[in-house]
Amino acid sequence: MHERTDIPRSVQSGRTVADRLFRGMALGSGLVSFAIIGGTLIFLASYAWPAIRSQGFGFLTSSVWSPASEKPVFGIFGLITGTVQLAVVALVVAVPISFALALFMHEYAPRWLRRPMANVVDFMAAMPSVIFGLWGFYVLQDPLRGVAIWLGDNLSVVPLFKRPEDPSGSIFIAGVVVGLMVLPICTSVMREVFSQVPIEHCEAALALGGTRWGMVRTAILPFSRSGMVGASLLGLGRALGETIAVALLLASDPTAKLGILDLGGGSVAGTIASRFGESEFANRALMGAGLGLFVVTLVVNMGAQKIVAKSRQT
């Protein structure tokens, strides 16, 4: 007797052991992430609270930073505005160059050149920030000083580019160096996003008689929009938290400045790196500044999620 083979196979309903295991691991990883973020926030808030309470609302509105004096006074307004200015300068430098470089490597570069260029970009993305800081301090600072003077001479009508007396150690110079530091990361992400575009879309655009740039504009860019926005915001996140390069290049000045070419400027990360350990109360004040940077970064990341989701829907 042959066993019948036309009997319907029983299908197991519900989650398998592997499904439950994976679900548990994913849930556990998410909870660990929330625990780390919450623990960091609680630690910063609890350690900095005595210093913040002593300043009241002035902690957010003042630009004076003297926590080690006989009567401690400090505020993070100048440090937060300086950090945002520096990050914006870095993005203005990094994003256009990253887009052009990633597009060239993906679409226009000869095949024999693509892999070496990609390796160099990936290597630069992995370089320690102190290398970029030393390079900027000893090599780029003098040429960028001339650029800053030129901007002040020709665009001084704009308050942002007010003619500087001495642009050394300015937000502009530090921001350009941080932008060059962020550039490899943005380039790598954009290049990877461009490589995910379905080849059929590109071939169809060319087959219809489109030019190479027409294919890029109609097939690659619409598909890659959300990834490009995500790469830019990833660079923004690193620029906001950059420490060593800023500490080397930016003359520490917690005063809020409108012009980015003036000598000195404030940065939360750079101030923490250069002033940590002055005194117990000063450390608590620095923890308060770190708490402010933590909140700003959290808000930026939440906004980035919404922007990327909206861009993906579009």
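**Fold and cysteines**

Author: Read along the sequence, the protein runs α-α-β-β-α-α-α-α-α-α-α-α-α. Helices (H or I, at least four residues) and strands (E, at least two) are DSSP runs, numbered from the N terminus. With a radius of gyration of 25 Å, well over the 20 Å that the globule rule gives for 314 residues, the protein is more spread out than a compact globule. That radius is taken over C-alpha atoms, and the rule is 2.2 Å times the number of residues to the power 0.38. The C-alpha atoms fill a box of roughly 100 × 50 × 35 Å along the principal axes.

This is a predicted model, in which local features need pLDDT of at least 70 and side-chain atom pairs count only at pLDDT 80 or more, while totals for chains, interfaces and linings use all residues. Residues are numbered from 1 along each chain as its sequence is written, and side-chain values use heavy atoms, with hydrogens and water left out.

Now the cysteines. A disulfide is a covalent bond between the sulfur atoms of two cysteines. Here a pair of cysteine sulfur atoms within 2.5 Å would count as one, and the structure holds zero disulfides. C186 is buried, with a relative accessible area of 0%. C202 is also buried, at 8%. Buried means under 20% relative accessible area, exposed over 50%, and partly exposed in between (1.4 Å probe, protein chains only). Of the 314 residues of the protein, 40% count as buried.
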